[in-house]
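Morning, everyone. I have one structure to walk through today. Please look at the screen.

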Amino acid sequence: MIFTKALTYDEIKQKLDKDDVISIIGCSSCARVAGTGGEEQMEDLAKNLRKDGYNVQEGFSINTVCTPKVFQARLNRKVNTIITMACSAGFANVSSIFADKKIITSSDDIGLMAADIKNETIHVAVPFEKHKETKGEKFKMYSGEALNEASVKKNREDQ
């Protein structure tokens with residue numbers, strides 16, 4: 001599974017224009033487990049964007065955005081912008097299928113993760129090159145909350 005880290009709300013807003021008509025497509029697999037793409041995160045993002053005056057029309061939670069299942073998203077014809085709450089494979093898939101739309105990602109790929117269901121934690125098992133220092137870092141499942149000192153410190157620095 002791919003571990004993703006959410007971009008800040010401000011980083012997402014910087015990619016949007018007030019005249020965008022938005023749909024949110026969230027992954028309910030890897031990104032949900034990482035806390036960056038489940039229905040709760042989608043609803044929170046939509047609520048905050050609407051509060052700030054953005055036109056969020058709809059949202060779709062799809063089991064695996066990186067597969068053809070993304071065709072399940074039947075977009076409102078007015079939608080011209082899609083925010084993907086998925087890994088870069090999901091982003092690439094949405095970009096290919098909806099090539100006529102502006103596609104925005106809401107996360108950054110960190111690496112491959114392993115899950116500990118019993119303790120409801122995940123850890124970075126194989127980090128990607130740009131995040132190699134994250135190897136072994138632990139996070140709370142479904143929220144992405146940092147659980148070890150290095151992760152907590154990095155989260156504070158990123159905010």
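Let's start with the order of elements. Along the sequence, the protein chain runs β-α-β-α-α-β-β-α-β-β-β-β-α. That comes to five helices and eight strands. Both are DSSP runs, numbered from the N terminus: helices are H or I with at least four residues, strands are E with at least two. The radius of gyration is 15 Å, close to the 15 Å that the globule rule gives for 159 residues, so the chain is as compact as a globular protein of that length. That radius is taken over C-alpha atoms, and the rule is 2.2 Å times the number of residues to the power 0.38.

A word on where this comes from. This is a predicted model, where local features need pLDDT of at least 70 and side-chain atom pairs count only at pLDDT 80 or more, while totals for chains, interfaces and linings use all residues. Residues are numbered from 1 along each chain as its sequence is written, and side-chain values use heavy atoms, with hydrogens and water left out.

Now the whole chain. Its C-alpha atoms fill a box of roughly 45 × 30 × 30 Å, taken along the principal axes. Of the 159 residues, 45% are buried. Buried means under 20% relative accessible area, exposed means over 50%, and partly exposed is in between, with a 1.4 Å probe and protein chains only. Next, contacts, meaning heavy atoms within 4.5 Å. Take those with a separation of 6 or more: 56% of them join residues 24 or more positions apart.

And the surface? The chain exposes about 8,600 Å², and carbon and sulfur atoms supply 49% of that. The areas come from the Shrake-Rupley method with a 1.4 Å probe. There are 23 positive and 23 negative charges, and their mean positions are 2 Å apart. Lys and Arg count as positive, Asp and Glu as negative; His and the chain ends are not counted. Each charge is placed at NZ of Lys, CZ of Arg, CG of Asp or CD of Glu.

Let's go inside. In soluble globular proteins, nonpolar side chains tend to be buried together. Which residues have the most contacts inside the largest nonpolar core here? They are Ile25, Val65, Ile82, Val94 and Phe98, in a core of 16 residues. Strand S2 (21-27) and strand S3 (55-62) are the elements that give two or more residues to this core. S2 supplies the largest share, three residues. Apart from this core lies another, of 13 residues, including Ile22, Ile24, Val56 and Ile83. A nonpolar core is a set of buried Ala, Val, Leu, Ile, Met, Phe, Trp, Tyr and Cys residues joined through side-chain atoms within 4.5 Å.

Pick out Val65. Leaving aside residues up to four places away in sequence, Val65 touches Ile25, Gly26, Cys27, Val70, Ala86, Gly90, Asn93 and Val94. Now follow Asn93, in helix H4 (residues 88-97). Is Asn93 buried or exposed? Asn93 is buried, with a relative accessible area of 17%. Beyond its neighbours within four places, Asn93 contacts Val65, Cys66, Thr67, Pro68 and Val70.

On to strand S6, which holds Gly111. Gly111 is buried, at 0% relative accessible area. Outside four places in sequence, its contacts are Met1, Ile2, Phe3, Val126, Pro127 and Phe128. Ala115 also sits in S6, but Ala115 is partly exposed, at 43%. Not counting residues up to four places away, Ala115 touches Thr121, Ile122 and Met141.

Strand S7 has His123. His123 counts as partly exposed, at 32% relative accessibility. His123 and Phe139 are 16 residues apart along the chain, yet their C-alpha atoms are separated by 6.1 Å.

Last, two backbone angles. Most residues other than glycine have a negative phi. Glu120 has a positive phi of about 50 degrees although it is not a glycine. Where is Glu120 placed? In the loop between strand S6 (107-116) and strand S7 (121-127). Tyr142 is not a glycine either, and has a positive phi of about 75 degrees. Tyr142 sits in the loop between strand S8 (138-140) and helix H5 (149-158). Glu120 is partly exposed, at 45% relative accessible area. Tyr142 is partly exposed too, at 34%.
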